Amino acid sequence: MEFKLENFVRPNILDLKPYNSLRESFTDEDLILLEANENPFGKFNRYPDSKSVKLRQKFSEINDVKPEQIFIGNGSDELIDLIIRAFGIPGKDSIMVMNPSFVMYEFYGKVNDLKVEKLNLNQDFQIDKEDFDSQIKTSKSKLLFLCSPNNPTGNSIANLEYFISNFNGIVVVDEAYIEFSKEISAVCLLDKYPNLIVLKTLSKAFGMAGLRIGIGFASKEISDLITTMKPPYNVSSENQNLALENLSNDENFEENLNLILSERDQLKEELVDLKIVSKIYNSDCNFLLIEFENVELVYKKLLENKIFTSLRHPAIEKCLRINVGNPSENDSLVSVLNQLSK
Ligand SMILES: Cc1ncc(COP(=O)(O)O)c(C=O)c1O
């Protein structure tokens with residue numbers, strides 16, 4: 001069946017007219033800007049570029065897609081909320097999320113008064129094709145959130161293209177951690193699947209969580225839709241500029257990434273034989289999912305030592321998700337867990 005975007009978008013969103021900033025249609029330097037009620041004085045007196053033109057150009061070069069296929073959010077968290085709001089009619093529609101997966105899909109689903117359908121992962125934290133097939137037969141979900149590599153399980157999800165091509169609705173592939181893996185980005189599938197949205201972020205491998213930059217990739221139609229409905233000035237000028245500067249001058253990107261990956265392997269090696277550790281899952285991310293014999297005790301002891309780890313996800317109660325830190329932070333972690341194992 002041919003995919004028609006208007007069959008999935010909320011009618012009130014489809015009717016929105018884009019907010020156009022007059023000055024953004026001009027490139028002259030000597031414009032007299034009296035149209036936006038700004039203060040003529042001050043260092044930060046002007047509103048930011050609402051279309052993030054330079055950033056989108058940069059991401060277009062990095063990811064080999066057209067700038068028109070890119071939309072920018074105040075972190076990918078904002079994009080998740082915007083996408084859910086664009087398609088899900090509150091009190092009526094539902095979304096489908098993997099379980100366990102990143103909790104914000106469910107959170108924003110609930111914020112927007114949508115039902116949240118769970119697609120349970122199997123023992124290997126993969127989606128069984130048979131389970132998927134039988135669930136979508138009865139499902140009315142408009143959106144499917146796939147997270148690959150998945151937070152909090154750490155693994156990449158197999159058969160993504162099968163799920164994208166068989167789901168009757170919008171499929172979001174969240175690739176927040178893809179740079180830590182050897183997987184190929186689903187961005188290369190965009191031309192083939194008009195129902196696909198791919199999300200990336202500068203918060204993880206790029207080390208810019210404080211700048212709050214999330215990047216969406218989709219058809220031009222979907223990108224225009226999200227850009228139309230987003231708050232016009234959602235990413236500050238300073239953050240846009242800093243992100244651009246960092247992306248252009250980050251000579252340490254590869255080096256830091258490789259250090260995180262080698263620290264991840266080393267951490268795993270140092271922890272895997274400890275008495276208190278039952279299992280360490282393979283990770284394509286910058287964290288390890290570790291199952292402990294007595295997870296409560298471990299969590300408490302780490303806290304006592306001022307080491308913060310992630311609260312357990314309800315679907316994997318015996319596990320902690322532990323971020324790979326810098327070498328000295330990792331040494332502190334190993335030392336506390338070593339003591340606990342004695
Ligand atoms: C899978 C996943 N998606 C999105 C995000 C949010 O990223 P951002 O900082 O861009 O909002 C996170 C953050 O932990 C995440 O784990």
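Predicted model: local features only at pLDDT ≥ 70, side-chain atom pairs only at ≥ 80, totals over all residues.

Biologist: What distance separates the centres of domain 1 and domain 2?

Modeller: The domain assignment, which is automatic or from a database, gives domain 1 as 5-249 and domain 2 as 253-341. Taken over C-alpha atoms, their centres are separated by 30 Å.

Biologist: How many residues does each domain bring to the contact?

Modeller: Contact here is heavy atoms within 4.5 Å. On that basis, domain 1 gives 19 residues and domain 2 gives 17 residues.

Biologist: Which residues of domain 1 lose the most area to domain 2?

Modeller: Buried area is the accessible area (1.4 Å probe) that two parts lose on being put together, summed over both. Between the two domains that comes to about 1500 Å², with 68% from carbon and sulfur atoms. On the domain 1 side, 38% of what is buried comes from three residues together: Phe-125, Pro-152 and Phe-180.

Biologist: What kind of peptide bond joins Asn-151 and Pro-152?

Modeller: Pro-152 sits in the loop between strand E4 (143-147) and helix H6 (160-166); helices (H or I, at least four residues) and strands (E, at least two) are DSSP runs, numbered from the N terminus. Omega for the bond from Asn-151 is about 15 degrees, and the bond is cis.

Biologist: On to the ligand: which helix gives the most to the shell around it?

Modeller: The ligand is surrounded by 14 residues, the closest being Ser-76, Asp-174, Tyr-177, Thr-201 and Ser-203; a residue is near if one of its heavy atoms lies within 4 Å. With 3 residues, the top contributor is helix H3 (residues 75-87).

Biologist: How much of the ligand's accessible area does the protein cover?

Modeller: Let's look at the oxygen atoms of the ligand: a polar side-chain atom of Ser-203 lies 2.6 Å from one, and a backbone N or O atom of Ser-76 lies 2.7 Å from one. Arg-212 places a polar side-chain atom 2.8 Å from an oxygen atom of the ligand. Of the 400 Å² of accessible area (Shrake-Rupley method, 1.4 Å probe) that the ligand has on its own, the protein covers 91%.

Biologist: What is phi of Arg-212?

Modeller: Arg-212 is in the loop between strand E6 (196-201) and strand E7 (213-217). Phi is positive there, in a residue other than glycine, with a value near 55 degrees.

Methods:
Residues numbered from 1 in each chain as written. Heavy atoms only, no water. Polar contact = N/O pair within 3.5 Å; in protein donor to acceptor, adjacent residues only side chain to side chain.
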